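Subject: Handover of a structure, with notes on pockets and salt bridges

Dear colleague,

I am passing on the structure below, together with an account of what was found in it. Please read the notes with the structure open beside them.

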Amino acid sequence: TLRAVAMLDMPAIWFWPNVDAGTGEMAERLRHFREHPAAAAATIRFITNVRGDEFIALLKAAACVVGNSSAGIKECSFLGTPVVNMGGRQQGRLHADNVVHVDYDCDAICRAVVEQVSHGRYPASLIYYRRDASQTIVDVLAGMRLYTQKRFHDNLAVSAVRTP
(Lines give C-alpha, C1' and ligand atoms only; values in the text may rest on other atoms or scores of the structure.)
Protein backbone atom coordinates (compact mmCIF):
# COMPACT_ATOMS: atom_id res chain seq x y z
CA THR A 1 0.00 0.00 0.00
CA LEU A 2 2.81 2.40 0.88
CA ARG A 3 4.60 1.57 -2.36
CA ALA A 4 1.43 2.12 -4.37
CA VAL A 5 0.68 5.50 -2.80
CA ALA A 6 4.30 6.59 -3.29
CA MET A 7 4.29 5.39 -6.92
CA LEU A 8 1.22 7.50 -7.69
CA ASP A 9 3.37 10.58 -7.03
CA MET A 10 0.39 12.53 -5.71
CA PRO A 11 0.26 14.56 -2.50
CA ALA A 12 -1.03 12.21 0.19
CA ILE A 13 -1.93 12.30 3.86
CA TRP A 14 -1.38 9.06 5.75
CA PHE A 15 -3.22 8.73 9.05
CA TRP A 16 -1.35 6.80 11.71
CA PRO A 17 -3.22 3.60 12.64
CA ASN A 18 -5.68 3.51 15.53
CA VAL A 19 -4.77 1.56 18.63
CA ASP A 20 -5.87 -1.88 17.47
CA ALA A 21 -4.26 -5.28 17.18
CA GLY A 22 -1.18 -4.94 14.97
CA THR A 23 -0.72 -1.21 15.56
CA GLY A 24 2.85 -1.62 16.80
CA GLU A 25 3.90 -3.54 13.71
CA MET A 26 2.19 -1.08 11.38
CA ALA A 27 3.72 1.91 13.17
CA GLU A 28 7.18 0.35 12.86
CA ARG A 29 6.70 -0.21 9.12
CA LEU A 30 5.45 3.36 8.66
CA ARG A 31 8.45 4.75 10.54
CA HIS A 32 10.84 2.70 8.45
CA PHE A 33 9.17 3.79 5.21
CA ARG A 34 9.02 7.44 6.26
CA GLU A 35 12.70 7.53 7.19
CA HIS A 36 14.01 5.57 4.19
CA PRO A 37 15.45 8.02 1.64
CA ALA A 38 14.52 5.91 -1.41
CA ALA A 39 10.93 5.39 -0.29
CA ALA A 40 9.63 8.38 -2.26
CA ALA A 41 7.80 9.43 0.87
CA ALA A 42 8.36 13.10 0.06
CA THR A 43 4.80 13.38 -1.24
CA ILE A 44 3.28 11.66 1.79
CA ARG A 45 2.61 13.48 5.05
CA PHE A 46 2.13 11.22 8.06
CA ILE A 47 -0.33 12.45 10.71
CA THR A 48 -0.67 10.90 14.16
CA ASN A 49 -3.55 12.93 15.62
CA VAL A 50 -6.30 14.98 14.05
CA ARG A 51 -9.50 16.45 15.48
CA GLY A 52 -12.76 14.92 14.30
CA ASP A 53 -13.95 17.99 12.42
CA GLU A 54 -10.59 18.30 10.65
CA PHE A 55 -10.66 14.59 9.78
CA ILE A 56 -14.07 14.96 8.11
CA ALA A 57 -12.89 18.09 6.26
CA LEU A 58 -9.88 16.14 4.95
CA LEU A 59 -12.11 13.25 3.85
CA LYS A 60 -14.35 15.69 2.02
CA ALA A 61 -11.43 17.45 0.30
CA ALA A 62 -9.64 14.24 -0.72
CA ALA A 63 -9.51 13.23 -4.37
CA CYS A 64 -9.57 9.61 -3.18
CA VAL A 65 -9.37 7.77 0.15
CA VAL A 66 -7.23 4.62 0.12
CA GLY A 67 -7.31 2.11 2.96
CA ASN A 68 -9.48 -0.31 4.88
CA SER A 69 -11.19 2.02 7.32
CA SER A 70 -14.89 2.24 8.02
CA ALA A 71 -14.57 6.01 7.40
CA GLY A 72 -14.08 5.22 3.72
CA ILE A 73 -17.21 3.10 3.72
CA LYS A 74 -19.49 5.19 5.92
CA GLU A 75 -18.51 8.88 6.06
CA CYS A 76 -17.18 8.99 2.51
CA SER A 77 -20.46 7.57 1.17
CA PHE A 78 -22.27 10.66 2.42
CA LEU A 79 -19.44 12.99 1.37
CA GLY A 80 -19.23 11.49 -2.15
CA THR A 81 -15.48 10.96 -1.82
CA PRO A 82 -14.08 8.21 -4.07
CA VAL A 83 -12.66 5.27 -2.06
CA VAL A 84 -10.33 2.39 -2.80
CA ASN A 85 -10.95 -0.17 -0.07
CA MET A 86 -8.30 -2.85 0.34
CA GLY A 87 -8.47 -6.32 1.80
CA GLY A 88 -11.22 -8.06 3.72
CA ARG A 89 -11.57 -5.89 6.84
CA GLN A 90 -14.76 -4.25 5.56
CA GLN A 91 -15.95 -7.35 3.67
CA GLY A 92 -19.72 -7.75 3.73
CA ARG A 93 -20.36 -4.20 4.93
CA LEU A 94 -22.98 -2.24 3.04
CA HIS A 95 -21.30 0.36 0.81
CA ALA A 96 -22.26 2.96 -1.76
CA ASP A 97 -21.11 3.29 -5.38
CA ASN A 98 -18.13 5.44 -4.30
CA VAL A 99 -16.24 2.36 -3.06
CA VAL A 100 -14.03 0.12 -5.22
CA HIS A 101 -12.63 -3.03 -3.59
CA VAL A 102 -9.14 -4.37 -4.36
CA ASP A 103 -6.66 -6.81 -2.87
CA TYR A 104 -3.36 -5.79 -1.33
CA ASP A 105 -1.64 -5.61 -4.71
CA CYS A 106 0.44 -2.58 -5.67
CA ASP A 107 -0.64 -2.52 -9.34
CA ALA A 108 -4.32 -3.09 -8.52
CA ILE A 109 -4.26 -0.30 -5.93
CA CYS A 110 -2.61 2.12 -8.38
CA ARG A 111 -5.10 1.30 -11.17
CA ALA A 112 -8.07 1.69 -8.83
CA VAL A 113 -6.85 5.03 -7.45
CA VAL A 114 -6.26 6.41 -10.96
CA GLU A 115 -9.76 5.29 -12.00
CA GLN A 116 -11.37 6.77 -8.88
CA VAL A 117 -9.53 10.10 -9.21
CA SER A 118 -10.52 10.24 -12.90
CA HIS A 119 -14.15 9.54 -11.97
CA GLY A 120 -14.22 12.36 -9.44
CA ARG A 121 -16.81 12.92 -6.75
CA TYR A 122 -19.87 10.73 -6.39
CA PRO A 123 -23.38 11.83 -5.46
CA ALA A 124 -23.99 11.76 -1.71
CA SER A 125 -25.41 8.47 -0.50
CA LEU A 126 -27.79 8.22 2.43
CA ILE A 127 -27.24 4.52 3.17
CA TYR A 128 -25.70 5.39 6.56
CA TYR A 129 -28.03 8.29 7.33
CA ARG A 130 -31.28 8.15 9.22
CA ARG A 131 -33.17 11.36 9.91
CA ASP A 132 -33.42 12.14 13.64
CA ALA A 133 -31.35 9.06 14.59
CA SER A 134 -29.89 10.82 17.65
CA GLN A 135 -33.32 11.80 18.96
CA THR A 136 -34.64 8.28 18.37
CA ILE A 137 -31.79 6.86 20.46
CA VAL A 138 -32.43 9.42 23.21
CA ASP A 139 -36.14 8.57 23.23
CA VAL A 140 -35.48 4.82 23.50
CA LEU A 141 -32.99 5.29 26.34
CA ALA A 142 -35.24 7.77 28.15
CA GLY A 143 -38.10 5.28 28.03
CA MET A 144 -36.11 2.39 29.48
CA ARG A 145 -36.36 1.40 33.10
CA LEU A 146 -32.82 1.19 34.38
CA TYR A 147 -31.96 -0.64 37.58
CA THR A 148 -28.59 -1.50 38.98
CA GLN A 149 -28.09 -3.55 42.11
CA LYS A 150 -24.69 -3.18 43.72
CA ARG A 151 -23.05 -6.41 44.77
CA PHE A 152 -20.09 -6.52 47.07
CA HIS A 153 -17.55 -9.31 47.14
CA ASP A 154 -15.05 -9.12 49.95
CA ASN A 155 -12.67 -12.07 49.69
CA LEU A 156 -10.86 -11.01 52.85
CA ALA A 157 -14.05 -11.22 54.91
CA VAL A 158 -14.87 -14.66 53.47
CA SER A 159 -11.45 -16.06 54.30
CA ALA A 160 -11.56 -14.51 57.79
CA VAL A 161 -14.84 -16.29 58.50
CA ARG A 162 -13.38 -19.65 57.49
CA THR A 163 -10.25 -19.28 59.57
CA PRO A 164 -10.54 -21.09 62.95
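This is a predicted model: local features need pLDDT of at least 70, side-chain atom pairs count only at pLDDT 80 or more; totals for chains, interfaces and linings use all residues.

Salt bridges

The structure holds three salt bridges. In one of them the side chains of E25 and R29 meet, with a distance of 3.6 Å from N to O. Because E25 and R29 lie four residues apart in helix 2, about one helical turn separates them.

The other part of this account concerns R51, which is exposed at a relative accessible area of 52%. R51 forms a salt bridge with D53, where the closest N and O atoms are 2.8 Å apart, and its side chain also meets that of E54 in a salt bridge of 3.5 Å, N to O. Through these shared partners, R51, D53 and E54 are joined into one network. D53, with a relative accessibility of 49%, counts as partly exposed, because the exposed class begins only over 50%. E54 also counts as partly exposed, at 35% relative accessibility.

The largest pocket

The largest pocket has a volume of about 1400 Å³. It is lined by 47 residues, of which W14, F15, V66, G67 and S69 are the closest to its centre. Two or more lining residues come from each of strand 1 (12-15), helix 2 (23-35), helix 3 (52-61), strand 3 (65-67), helix 4 (70-73), strand 4 (83-86) and helix 6 (106-119). Helix 3 gives the most to this lining, with five residues. By class, the lining of the largest pocket divides into 31 nonpolar, 13 polar and three charged residues.

The second largest pocket

The second largest pocket has a volume of about 210 Å³, and its lining is made up of T1, L2, W14, M26, R29, H32 and F33. Helix 2 gives the most to the lining of the second largest pocket, with four residues. That lining has four nonpolar, two polar and one charged residues.

With best regards

Definitions and conventions:
Residues are numbered from 1 along each chain as its sequence is written. Side-chain values use heavy atoms; hydrogens and water are left out. On a 1 Å grid over the protein atoms alone, a cavity is a set of points where a 1.4 Å probe fits but cannot get out, and a pocket is an open set with protein on both sides within 12 Å along at least five of seven lines; lining residues have an atom within 4 Å of a point. Grid points are joined across faces, edges and corners, and a volume is the space filled by probe spheres set on the points. Ala, Val, Leu, Ile, Met, Phe, Trp, Tyr, Cys and Pro count as nonpolar, Asp, Glu, Lys and Arg as charged, and the others, Gly among them, as polar. A salt bridge is a side-chain nitrogen of Lys or Arg within 4 Å of a carboxyl oxygen of Asp or Glu. Buried means under 20% relative accessible area, exposed over 50%, partly exposed in between (1.4 Å probe, protein chains only).
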